[in-house]
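The following exercises are to be worked with the sequence and the coordinates at hand. Each task is followed by a solution in steps.

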Amino acid sequence: MTSKLLVDGEAEKSWVIIFETGDEAMDGLLKFARDQSITAAHFTAIGAFSQAVLGYFDWQAKQYTRIPVDEQVEVVALMGDIALEEEKPKVHAHAVLAKAGGVAMGGHLLEGQVRPTLEVILSQVPKHLERQFDKTSGIALIRI
């Protein structure tokens, strides 16, 4: 993974982050957020994965059902945010992945093994966002 600061403003910073073959996208985004002390950001990305795991939140079970994707896919849309959860950065991302033939599937991105690239544009915002545990849903949600 490599990155370059694109905008270094007083109120906002933006980076391009390039993942390479073999990089794990979610771990890499979390490491980047920690290294840069990011408390609030949003991002978009395109690229491809050799394999991935999507998640679908099962409301009744209050947990994510894991959906393995064990083939090369195009990342046609990846978007998400970074917010604090228990004073540490937490990455929340959703993805739409296209299989050979154009069949698309999507959900919460839990894991993504990059091949050959993933191009991320990440913008930090000046105020921090915080996730707090929500008893009704069973997950941490952003509270403003």
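Two strands pair if DSSP finds at least two bridges between them; strands (E, at least two residues) and helices (H or I, at least four) are DSSP runs, numbered from the N terminus. The model is predicted, so that local features need pLDDT of at least 70 and side-chain atom pairs count only at pLDDT 80 or more, whereas totals for chains, interfaces and linings use all residues. Residues are numbered from 1 along each chain as its sequence is written, and side-chain values use heavy atoms, with hydrogens and water left out.

**Exercise 1.** Determine in which order the elements of the protein run from the N terminus.

Solution. Begin with the inventory: one helix and nine strands. Placed in order, these elements give β-β-α-β-β-β-β-β-β-β.

**Exercise 2.** Describe the pairing of β2 with strand β7.

Solution. Strand β7 covers residues 104–124 and pairs with β2 over eight bridges in the antiparallel sense. Here Val 16 faces Ile 121 of β7.

**Exercise 3.** What share of the residues of the protein counts as buried?

Solution. Apply the cut-off for buried, under 20% relative accessible area with a 1.4 Å probe and protein chains only. Of the 144 residues, 37% qualify.

Notes. Buried means under 20% relative accessible area, exposed over 50%, partly exposed in between (1.4 Å probe, protein chains only).
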